[in-house]
2 protein chains.
Amino acid sequence: MEEKDNSLSKSSSFQVENKVDLTTHSLLLSPGPTEIPRELLLSLIKDVRNPDLDPYFYDFYHGIHSKLTRILNSWGYKTIIMLGEAMLGLEASIINLLKENELGIVLSNGFFGEGFYNLFRLVGRKGEKCIWDEREPIPPDEVESCLSEYPEAKAVYMIHCETPTGIMNPIESIGPKINKFGKMLIVDAVSSLLTVPIKGEEYGIDVLIAGSQKALNLPPGLTINLISEKAWNASIENNPKTFYLSYSIWKDFIEKREEMPPYTHSINMLSGLDEALNRFIVESEENVYKRHEKIREASWAAALSLGLEPFPKEMRYSCPGLTALLMPKGISSIEAFNWIRNKYGITLGIGLGKLKDKILRIGHMGYTASIDFLLLAYFAIGNYLIEKGNVKYSDVSQAMEMIIKKSNI
Amino acid sequence: MEEKDNSLSKSSSFQVENKVDLTTHSLLLSPGPTEIPRELLLSLIKDVRNPDLDPYFYDFYHGIHSKLTRILNSWGYKTIIMLGEAMLGLEASIINLLKENELGIVLSNGFFGEGFYNLFRLVGRKGEKCIWDEREPIPPDEVESCLSEYPEAKAVYMIHCETPTGIMNPIESIGPKINKFGKMLIVDAVSSLLTVPIKGEEYGIDVLIAGSQKALNLPPGLTINLISEKAWNASIENNPKTFYLSYSIWKDFIEKREEMPPYTHSINMLSGLDEALNRFIVESEENVYKRHEKIREASWAAALSLGLEPFPKEMRYSCPGLTALLMPKGISSIEAFNWIRNKYGITLGIGLGKLKDKILRIGHMGYTASIDFLLLAYFAIGNYLIEKGNVKYSDVSQAMEMIIKKSNI
């Protein structure tokens, strides 16, 4: 039981500071949230405005919209940037598109696919799923037979990058098949955005959901939603019984220049988002995507030098923004995570669900997709494996060498 | 139609920077979002961690919980800090406490009370309301007759500080009456928190909702929810069909030390919240509340010197965190707002709804409850009234004098 003491004056014995020191150095090489580059951190505090009262807020917001739609090749889309974690956008995509008696199908090959499916029940909608091997991408050829099992389904949900296992699903081949069946396609692109090209319209995406804390290298707190005309009309027609999750509450703000956003937005986070998109544009999409490819290649080469097996069966099956490594027999990924965190102050990722203690993950997304960070990650992992008697110093040296070699363009 | 151009390379003619310059100086004296003091801005970027993976996150979160419950005299409450704007918490309080056929009553004497009532229909719940004069607080003596009209109602909703008009409702007298009737009491304390003492348990509050962008002086993005045992049990029993708005998804994180939060939280915003609470504690609650009273008194005296009538009929009816001023006949508050913003870079607030062009509002919340800011606000308002031929230089001087005099303790 906590001690009840209502006195809050200076002389009180109450501890003002939290006991935990959050200022200790830690390098975030987890697959989101990621390390935030200094320029982005500063952009988060560069200005404070009142978005409800600032006549320029509309222009500012729509400047961001314009950059996003260009990057995602989705000019016909509405863009809603919600204030909340990415889960907000995932739930909203179900609530807005499906009425209570309408069915959505989840194409699933991993923990996040399963999560999407569970979300259907939780929010009171009908959901079905088709499941595939979790070490391979969903095979486009088998999607049609799944869809034909559920002709009444209105929408199909899938994860672009299955972050817990590092599997990349080929929405570019699957999307057109889903469209052919007359279904809407909803894609969780939270950890793929800005790591690979996404062509919203070409792939037939109806709702694309992204978040701020992955390759955008911002803190959690913004959910980006790109919504096709078809999905937008469905959401307006459905008119779901919610304010905060509803697309339609954004209608006036998005369509009429004079309207305020439906709630007070965060200028700070939007400043960060704008700056993150500027960084992407200045580096150029070509260079950003090539950098992610090179770093993934370097990461796989380093893993092999240490005798580690990446979870995806082939490199071309994997997300460019992270590497998920299966731990050798007898090695706990949780123990490895803790050892590395305590010894080097580097935070990697572990697995989720039944793979929690079997997988160690390195995030290389946006800013963290760099040789420097990859060297640090494999140096740390290598030294842990030496400690466990699993590899030799020369293996670690070779891993380092592979990173330097493969990262050079 | 927007020009379609997919090239994002450096050589493209695409504008990287938004046209709007958000770095221009502007002093936020609106009644939320407020000016953010430098120390709080810096705390927002002082550290970046992964809350899902950091074993200290639980301690950090619960340190904040502990400070909040002490400040609000509410030791028996659960604290959920949601990642989203305050509207998220307001909607959640309806969704979690009332099933679809259950009734909530709104005690309303203003625009926000009306908003709460509209929210009931929007989220598919039954709502009724009792309405009182918007220039006076809700009279505690008349609450019982309202409640007896709706014996089946399960919960009663009210706004503590009606921010659009500056009216403070006496929850300390109304709360116990509502409890006597066996109803739950839900209070929107978004813009009253940290401007006046709130004793959660003594007032019989079942859910208290606050936001980050008012007297906490943070950006929008956090919704604080203090939930009594009665309300907590009701929400667990109701098990509403939502993930992001549900209280119960926080159950494991709040009750078991080993669990992760239900979604990735924002360490950055929580760092800011922790620092804001530290600032409050170091100044001491007694001094903070006294400062707000003094500033309100100074503001009313200055208003009278300029011949301006505050909207609340008496000072004791008004919120300590803002002053809502009725504009003299023929003076538009929107025009005054724009003139002051353009000439002095000061953002005040205007009215809402039918009072939009009739009311000008000065926020004096937390950091902005200071003599310096109040002098600037009345200097700007005074000069606008001189411009309009409404007051003389000597009236403005007298207003300044009143602020200096009344602010001195």
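B:Thr347 counts as buried, at 3% relative accessibility; buried means under 20% relative accessible area, exposed over 50%, and partly exposed in between (1.4 Å probe, protein chains only). The model is predicted: local features need pLDDT of at least 70, side-chain atom pairs count only at pLDDT 80 or more, and totals for chains, interfaces and linings use all residues. Residues are numbered from 1 along each chain as its sequence is written, chains are lettered from A and ligands numbered from 1 in the order in which they are written, and side-chain values use heavy atoms, with hydrogens and water left out.

**Around B:Thr347**

- B:Thr347 sits in strand E13 (residues 346–347) of chain B. Helices (H or I, at least four residues) and strands (E, at least two) are DSSP runs, numbered from the N terminus.
- Residues up to four places away in sequence are not counted here. From chain A, B:Thr347 touches A:Asn50 and A:Leu53. From chain B, the residues touched include B:Ser26, B:Leu27, B:Phe337 and B:Arg341. Contact means heavy atoms within 4.5 Å.

**Helix H12 of chain A**

- Helix H12 (residues 333–344) of chain A has 12 residues and should span 16 Å at 1.5 Å a residue. The expected span is 1.5 Å times one less than the number of residues. The end C-alpha atoms are 16 Å apart, which agrees.
- The buried residues of H12(A) are A:Ser333, A:Ala336, A:Phe337, A:Trp339, A:Ile340 and A:Arg341. They pack against strands E13 (346–347), E14 (349–350) and E15 (359–363) and helix H13 (371–387) of chain A.
- At the helix start, a side-chain oxygen of A:Ser332 reaches to within 3.3 Å of the backbone nitrogen of A:Ile334.
- Just after H12(A), A:Gly345 takes a positive phi of about 65°.

**Salt bridges**

- The whole structure holds 40 salt bridges over all chains. A salt bridge is a side-chain nitrogen of Lys or Arg within 4 Å of a carboxyl oxygen of Asp or Glu.
- A:Lys67 and A:Asp274 meet in a salt bridge (2.8 Å, N to O). The pair links helix H2 (residues 57–71) to helix H10 (residues 267–283) of chain A, 207 residues apart.
- A:Lys313 pairs with A:Glu136 in a salt bridge, the closest N and O atoms being 3.1 Å apart. A:Lys313 lies in the loop between strands E11 (309–310) and E12 (322–326), and A:Glu136 in the loop between strand E4 (126–131) and helix H5 (143–149), so the pair ties together parts that are 177 residues apart in sequence. A:Lys313 is partly exposed, at 46% relative accessible area. A:Glu136 is partly exposed too, at 29%.
- B:Lys290 and B:Glu286 form a salt bridge, with the closest N and O atoms 3.8 Å apart. Both lie in helix H11 (residues 285–305) of chain B, 4 residues apart, about one turn of the helix.

**Nonpolar core**

- The largest nonpolar core has 203 residues. Such a core is a set of buried Ala, Val, Leu, Ile, Met, Phe, Trp, Tyr and Cys residues joined through side-chain atoms within 4.5 Å.
- A:Leu107, A:Tyr157, A:Leu273, B:Leu107, B:Tyr157 and B:Leu273 touch the most other members.
- Leaving aside neighbours within four places in sequence, A:Tyr157 is in contact with residues including A:Ser93, A:Leu107, A:Phe116 and A:Ile186.

**Domains of chain A**

- Chain A is divided into domain 1 (27–33 + 284–407) and domain 2 (47–281). The bounds come from an automatic or database domain assignment.
- Their C-alpha centres lie 29 Å apart. The contact takes 31 residues from domain 1 and 29 residues from domain 2.

Methods. Polar contact = N/O pair within 3.5 Å; in protein donor to acceptor, adjacent residues only side chain to side chain.
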